[in-house]
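This report covers model confidence and the make-up of the chains. Please view the sequence and structure alongside the text.

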Amino acid sequence: MLIKVVARSAVVACAFVALTAGNASAQFDFVGSWQPIASEDVQNDTLNVDYLGLALTDEGRTRALSYDESQSSMLERQCRSWGTAYGMLGPFGLVVTSQTDPTTKQLVSFTIAPWEDWTGLTIWMDGRQRPSEHALHMQSGFTVGRWENGAIVARTTHMKEGLIRKQGVPLSDQATIDWRFYRHGNILTVMMVATDPLFLAEPEVVSKSFRLSAMPLDYRAECVVAFEGKEPGDSVPHFAPDENPFVTEFMNLYHLPREAVLGYAETLYPEYRKKIKDSYVPPPACTESCGAAGNFVLRR
Amino acid sequence: MKTWPLGATLVLSLFIWSFTGSTPRAQQQGGGAARSARDQAPMDLTGYWVSYVTENWRYRMVTPAKGEYRRIPASPAALPLINAWDPDADERAGNQCKSYGAAAIMTVPGRLHITWQDANTLRVDTDAGTQTRLFHFSPRAASSPRSWQGESTATWEQTSGTEGGGLQVVTSNLRAGYLRKNGVPYSESATVTEHFDLAQFPDGNTFLLVTTTVQDPVYLTGPYVVSPHFKKEPNGSKWDPTPCSSKW
């Protein structure tokens, strides 16, 4: 009898330990304001033709080269906002809140608040189903997440076609974005992996770190439409892809190889570094905008 | 007698909990028949990994212009060194590995081969610069001379309110080196804290993310944080050891 009782208790105890251990080790505090740590370059000088660190398909490259930034001056495009990926590519921090079910008190979602020109991101954590593949696509897409091994694992689908770089590199409405959110002390590192069967030959991976801010951040701002020289009905500004006048600007500025600036997949791997070893000539010594805050400032 | 099952369950729960500890760290500190770091590993980092250079391309894949230190919070004390960078002099002085030290090596494009050297030491070999890093999970008795890779202490981290778990490595006792190929310096007082995380994706790719914080009271005004990532490779067929070079 005693053996039976002990055995039964042991089974229950093991189940208790397994369940509680799993829950206790699964989550970190995600809510708060996270300041960007701008020590990694993704967009460099934001020159018109700079696809460094991207693996584009020929179609993606052609579309990117046809882009004219004046498109964003068109009245109907001024407040369309950047798509989901821009949350990691843009210059701002993350303001994260959580939403709970008022009855069960269970977590429903995390929301990363929008900026003036970014749609924000809602990560549904309540296990809800994704919409049908035919459902409406939105700028922000539809994101479902879960806790896994101490990280938030999420996937975004149902995005509208947009851009993965402000310089016009496209991301199609068939793209998906996988996310990982890791926290180590006061550092939050977000890994974004964008996959696109149309415009990306290989995934675009961005990992960006943020520092917990003691002060609340607020990036809310109203987008204001104003006349910027484009009349309603004007044609959409663009270039013929093989006649983009800016194609050599970034290459010449830093003596960079053409295939790297134009986003060929081989340029993402160490073998490429060895390939260009004997042909690369470093640019002349830096004389202005050389320091930590030199981003967005051209060194000419 | 009727209350026995509940009491037994609680006692047994605590008994089992004390052994399972729910975390590797608890196991490590628990004494008794301590399991090795390899046995406690919550993730498998071993294998071959290749740099996937989608960020800081211009600072990693080619040598940037002399004098450029964008994105690095260099202190005023660093500026004379940045502007005086002379790769030929480094080569002549036998310092061609200055940009391959622990504060920079994970950002140098190349491959990693991660193995367990023994049950409590994780070994990371790099083919770029043929460097070896040893992550010690056990306390080390005596300190060795300063080196490019320094002394690294490793811990499996417990998930908590401010911690996502994974591997933390803290490295010090470094020889002074460069954060970038073009001579942006870190001093021998620098400390490097790294967090290793794994991410598996539905397309079959597995990435290793190394969130790295370099702190240096001499040549940095604040922490320098980067997060290079690596893609898992099926084998070592592309492993290509190359020596350190101060010029490339």
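Among contacts in chain B between residues at least 6 apart in sequence, what percentage join residues at least 24 apart? The share is 60%, where a contact means that the C-beta atoms of two residues, placed from the backbone, lie within 7 Å.

This is a predicted model, in which local features need pLDDT of at least 70, side-chain atom pairs count only at pLDDT 80 or more, and totals for chains, interfaces and linings use all residues. Residues are numbered from 1 along each chain as its sequence is written, while chains are lettered from A and ligands numbered from 1 in the order in which they are written.

Chain B has six helices and twelve strands, taken as DSSP runs numbered from the N terminus (helices: H or I, at least four residues; strands: E, at least two). Of the 248 residues in chain B, 46% are buried, that is, with 20 or more other C-beta atoms within 10 Å of their own, C-beta atoms being placed from the backbone.

The model has an ipTM of 0.87 and a pTM of 0.88. Per-residue confidence is given as pLDDT, on a scale from 0 to 100.

| Chain | Mean pLDDT | Residues with pLDDT of at least 70 |
|---|---|---|
| Chain A | 87 | 87% |
| Chain B | 88 | 87% |

In chain B, residues 9–31 have pLDDT below 50, with 34 contacts in the model beyond near neighbours in sequence.

Within chain A, mean confidence is lowest in helix α1 (residues 2–24), at 46, and highest in helix α2 (residues 58–65), at 98. Residues 10–25 of chain A stay under 50 in pLDDT and have 21 contacts beyond four places in sequence. Residues 295–300 of chain A are also below 50, with nine contacts beyond near neighbours in sequence. Where pLDDT is low, predicted coordinates should not be read in detail.

Note on methods:
pLDDT = per-residue confidence, 0-100. Buried ≥ 20, exposed ≤ 12 C-beta atoms within 10 Å, placed from the backbone.
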